[in-house]
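Subject: Model handover

Hello,

Here is the structure you will be working with. My notes follow below it.

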Amino acid sequence: MSQEGQLLDQKSLRSVTGKSADWSELVKDCIAFANATGGRLLLGIEDEQDQPPAGQLIPADLPDTIRRKIAERAVNVSVLPDVVTTQNGSQYIELRIPRAIAVASTTDGRYFLRVADQSKPVTGDDVLRLAAERAALPWETQATLLVPRSAADPDKFGRLVKTLRASDRVKASVKEKTEDELLDHYQLAQGGTLTNLGILCLGRQHHRAQLTTAPVIQFIKYDEHDQKVNKLVWDDHTLSPMELIEAVWQEVPDFREHYELPDGLYRQNVPAFDEIVVRELLVNALVHRPYTQRGDIFLNLHPDRLEIVNPGPLPLGVTPQNVLHTTVRRNEHLARLFHDLKLMEREGSGFDKIFEVLLSQGRPAPELIETHDRVQVTVRRRILKPEVINFIAKADQTYQLTQRERIALGLLAQHDALTARELTATLELPSVEALQPWLKRLLDWQLVQSAGRTQSTRYFIDPALLRNLDFVGGTTLKRIEPHRLLALIVEDIGRYPQSKIGDIHQRIGLEIPRSRIRRGIEQLLKNGKLHSEGVRSGTRYRLP
């Protein structure tokens, strides 16, 4: 199934043919993609499908018609239509929309921007922001300082290349590139000079200082009377953004403070501020800041909270109300580099991870505030309900929860009850119906209870379950997901080669239907991950 989103959308062929053709809708999407990072429209594939209808053929003159219609209705938009024929002989049009050199709009002055899987209108002052953020040449790829490639810091360059070649997120074809080719691939250099991104990540101290907008981080600690008691500053431009993250974590002793919580006969050590949360907040601050604007990043530590203040507003299209579900990358190439270095998830799941970790530790969700010139994220130190920690850990161990389920369970565990409307608002969802993937399995497993109907439905966790961790059903092997079952089979045969299916079934768990074990083995054999010897009941299995 195709994944419509920031870079891809699908439309029926009816939207561009016959009397039902809706050219204004197509133009809107093309403008939105052009004003973002470019994208593709698949014309002739219905929503939620990955193939065109059987027998569908594209009229010979349709690609030229699309070019003409869009040129008549849009400014600064170029489109590249190609007719694609699938294996079954059906056809569709792949319409590629490159990133616009200047701001794209309709001929009557309307602007749109691609935000996640929607084309959003841009109005009022946001038009000026769009023009400012959509310079013809992104800041990252500019090379105005004319710093030669040879001026890159050899230590930083060597570490970067070594880390990229060791990363499992980098394609083998990229790892095979020479060091100079890697610079070009990640937009760290153009021709004989380093780009602004290259100076930021690989440049020497004096070159990085010449950028004038290279990040400066200030850590300020306050006491209970709001008086400053400690200050650390990273402002000498000796460190790249990647090195800044590690330096801040290592040099601020407060981040490694722990305190004890009672846990039966024992005591449990809990970090004052989780390392994952602090690192994710630093990554977000460095990757998503506007590098055309000056301003320091502040880490304000109070006795009860940590505030991270970043200069500039959120990227256009992102708001405090949709941050959990919207992905807009202000600095595309820096985000790609951080992703390949395994410092961040490129698709914007960093804030989701912060929610997940805080809620699973019994802490409140992060608080996000945006003003015209800054963004502030606040995370609380206090654990509201210590029992939530063991509850989420036990539930995850037993049921292998998804990230969405851990977030929803953490929210409900901190409240006596939440209505469907309240939970929808907290999770920033568009409707009550959108709660289903967050709650369905939790309700099936009776981890979450419900009462009432429609928007007045109340969701809650039985206090006795939260206290005793006595989950109904005990084991979840009957409900185990297919990919986990396959992994269990491979692990078992790796330990006990030449095993029969009955022995495998016995060791993995008799509560799993034997038919599921058999189907899993057949799939592994088909994929070449297992070999078999013998026939019928005497068949034995081993790894290749």
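Predicted model: local features only at pLDDT ≥ 70, side-chain atom pairs only at ≥ 80, totals over all residues.

Residues are numbered from 1 along each chain as its sequence is written, and side-chain values use heavy atoms, with hydrogens and water left out.

Helices (DSSP H or I, at least four residues) and strands (E, at least two) are numbered from the N terminus. Helix α13 covers residues 387–399. Its 13 residues reach 18 Å from first C-alpha to last, close to the expected 18 Å, where the expected span is 1.5 Å times one less than the number of residues. Buried residues (under 20% relative accessible area with a 1.4 Å probe, protein chains only; exposed is over 50% and partly exposed in between) in α13 are Val388, Ile389, Phe391, Ile392, Ala395, Thr398 and Tyr399. An α-helix has 3.6 residues a turn, so residues three or four places apart point the same way. Gln400, which follows α13, has a positive phi near 50°.

Strands pair if DSSP finds at least two bridges between them. β17 (residues 367–370) and β18 (residues 374–380) run antiparallel and are joined by four bridges, with Leu368 partnered by Val377 of β18. The hairpin between β17 and β18 passes through three residues.

An open sheet of three strands has the order β19-β21-β20, with antiparallel pairing. β19 (418–419) and β20 (449–451) are at the edges with a single partner strand each, so one side of each has no neighbour in the sheet. Three bridges link β20 to β21 (residues 458–460), and Ala451 has Arg458 of β21 as its bridge partner.

Phe112 lies in strand β7 (residues 111–115) and is buried, at 7% relative accessible area. Leaving out residues up to four places away in sequence, its contacts (heavy atoms within 4.5 Å) include Lys28, Ile31, Asn35, Thr106 and Pro121.

On a 1 Å grid over the protein atoms alone, a cavity is a set of points where a 1.4 Å probe fits but cannot get out, and lining residues have an atom within 4 Å of a point. There are five cavities of 30 Å³ or more.

Regards

Key
1 Å grid on protein atoms, 1.4 Å probe; cavity = no way out; pocket = protein on both sides within 12 Å on 5 of 7 lines; lining within 4 Å. Points joined across faces, edges and corners; volume = space filled by probe spheres on them.
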